[in-house]
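Subject: Structure handover and notes on side-chain packing

Dear colleague,

Please find below the structure that I promised to pass on to you.

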Amino acid sequence: MTPEFKAWLRSGARRCLLAEVSVRVSGVDTVRYLSTAGYVSGAADTPASTAYLARLTGGFSFEQDLDVSGAGGGGASFGELLLDNVDGALDGWLVDVWSRRSVKLYLGDPAWARSQFVLVFDGTVGDIEPRGRGTLALILRDAMAVLDVPVTTDTVGGTGANADSAYPVALGECFNVEPQLVSETGLATYRVSLGAVEQIVEVRDNGYPVTVIRNEAAGTFTLQYQRWGQITCDVQGAKPGTGYLNDVGGLVYALATEIGTGPRLLPAQFDTAALVAFRAACPQPVGLFTDGRTTVLDAIRGLSASVGATAMTTRLGQVRLVRLGFGTPTLSVGPDDLVDGSFEPAGRPQISGKVRLSGLVNWTPQAKNSLVADLQPNQITSLSERSTIKDAYDNTVLADYNQVDALDEEVETLLVVESDLQQEATRRLNLWKVPRTVFRFTTYFDRLDIELGDTLTITHPRLGLAGGSPALVTRVEPDLISGRIGIEVL
């Protein structure tokens with residue numbers, strides 16, 4: 001955003017919002033051009049000499065929320081564009097296909113050339129809905145909405161018992177998974193994941209290691225004997241074109257852009273610098289084993305939540321992974337940035353003197369009496385228990401806040417190293433064992449550079465903020481017509 005555009009935003013000049021929305025009409029992909037005021041692009045513009053129908057009504061706000069709990073791994077981003085349909089001219093739009101089509105919004109002065117308008121939102125249409133007799137609403141979602149589809153719809157096929165089963169997906173370090181039987185012709189063949197894997201580490205029958213012929217390029221192995229019990233194995237999973245990955249950032253990127261068979265994002269839709277920084281900050285290995293019908297979005301959320309992060313998109317459609325916590329402030333907000341009377345406390349997250357995390361997931365817990373008798377006690381334990389649990393606690397906080405007898409709430413992660421699990425528990429404890437406040441305020445549109453997940457320095461004469469305090473942006477709601485932005489910070 002240029003200084004000139006910021007100055008224009010601050011000036012209170014007349015604003016015009018342009019929308020370019022993709023849609024499929026009678027089997028043909030096209031773009032519809034809409035505006036808040038009648039607008040026609042020039043002959044030298046792109047698109048050239050195009051009329052933007054003055055059908056957008058009211059304001060447009062787009063909400064983005066960061067998962068403050070750190071447990072869900074996903075923020076929500078949504079909004080809607082309202083279309084004037086009092087004359088019924090748009091009635092036919094209800095039968096067109098809008099779902100998962102792109103939408104771009106541009107802001108500028110009605111007197112400007114189209115090339116001077118600035119992109120302020122890049123996302124996806126959820127659908128179109130009527131709002132009474134005279135209004136239609138385009139429901140908007142962020143760019144990641146296209147990932148709310150199964151990782152794969154491919155099935156085993158053939159005539160076996162698993163013919164209609166989706167392939168499994170192994171990501172990162174997966175312990176004691178139950179592979180999928182894909183062929184019983186001769187000696188049994190099993191699949192451990194969709195596509196190639198890095199390594200099939202060990203195969204076991206009722207817990208006992210057995211000899212197999214491995215085919216990591218196909219993600220399969222074949223037994224060399226007639227099995228007598230339950231087959232499980234350890235796997236280093238999916239090996240996309242980028243090579244084997246086992247960290248959250250790398251796996252989220254691969255899931256969104258490459259792994260599986262459904263719609264995917266383009267590499268250019270990732271904030272590359274932010275991804276590199278996140279991977280450097282969160283290199284902990286993780287492991288996820290799931291059915292191929294699990295949605296890409298759910299898999300991304302589970303991976304992200306394991307390190308207390310949220311996968312989200314910026315207004316301009318750039319995917320970022322934001323870890324809940326306080327970084328070095330990159331922006332500042334003071335009284336001059338606030339709409340008068342808008343600054344107020346909005347909540348107080350619960351203080352916690354103890355954090356309990358589980359990890360090192362055993363994907364196929366087995367009954368102890370089903371395992372072969374000559375295993376060591378530690379082997380029997382590792383194969384029968386679901387996960388490892390690590391606690392971090394502060395006795396002073398527990399006593400001060402009368403939490404000594406509080407129930408332990410276990411949060412499951414996909415971390416696979418015991419020390420990493422302990423460190424993450426300690427990090428979350430340090431975040432929540434001190435009092436924190438959520439503040440809400442409204443600022444002007446020239447602060448459109450504030451993004452979800454940013455760390456700001458907040459200065460205000462009240463509430464202990466006179467000297468400035470770091471604050472994490474947890475909610476952003478820009479209204480593109482009124483020129484105001486609602487913000488919440490922790």
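A disulfide is taken here as a pair of cysteine sulfur atoms within 2.5 Å, and by that criterion the structure holds zero disulfides. Cys 174 is in no disulfide, the nearest cysteine sulfur being that of Cys 233, 9.2 Å away. The sulfur of Cys 282 has its closest cysteine sulfur in Cys 174, at 19 Å, which is too far for a bond. Cys 174 is buried at 3% relative accessibility, and Cys 282 is likewise buried, with a relative accessible area of 1%; buried means under 20% relative accessible area, exposed over 50% and partly exposed in between, with a 1.4 Å probe and protein chains only.

Before going further, please note that this is a predicted model, in which local features need pLDDT of at least 70 and side-chain atom pairs count only at pLDDT 80 or more, while totals for chains, interfaces and linings use all residues. Residues are numbered from 1 along each chain as its sequence is written, and side-chain values use heavy atoms, with hydrogens and water left out.

Turning to the rings, the structure holds 13 aromatic pairs, where rings of Phe, Tyr and Trp (its six-membered ring) pair if their centres lie within 6.5 Å, and planes under 30 degrees apart count as stacked, over 60 as edge-to-face and the rest as tilted. One of these pairs joins Tyr 39 and Tyr 52, whose ring centres are 5.7 Å apart and whose planes stand at 65 degrees, so the pair is edge-to-face. Tyr 39 belongs to strand E3 (residues 39-40) and Tyr 52 to strand E4 (residues 51-54), so the pair ties together parts that are 13 residues apart in sequence; helices (H or I, at least four residues) and strands (E, at least two) are DSSP runs, numbered from the N terminus.

Phe 343 and Phe 441 form a stacked pair, at 6.0 Å centre to centre and with 25 degrees between the planes. Phe 343 lies in the loop between strand E22 (331-333) and strand E23 (344-347), whereas Phe 441 is in strand E27 (residues 438-444), so this pair ties together parts that are 98 residues apart in sequence. The relative accessible area is 13% for Phe 343, which is buried, and 0% for Phe 441, also buried.

Tyr 39 and Tyr 52 also belong to one aromatic cluster with Phe 5, Trp 8, Tyr 33, Trp 112 and Phe 117. Arg 15 lies over the face of Trp 8, at 5.7 Å from the ring centre; a charge sits over a ring if NZ of Lys or CZ of Arg is within 6 Å of the ring centre and within 35 degrees of the ring normal. The charged end of Arg 191 sits over the ring of Tyr 167, 4.3 Å from its centre.

As for the nonpolar cores (sets of buried Ala, Val, Leu, Ile, Met, Phe, Trp, Tyr and Cys residues joined through side-chain atoms within 4.5 Å), the largest has 64 residues, and Phe 221 and Leu 303 have the most contacts inside it. Helix H2 (residues 248-257) gives this core its largest share, six residues. Apart from it lies another core, of 61 residues, including Leu 34, Val 322, Leu 452 and Val 473.

With best regards
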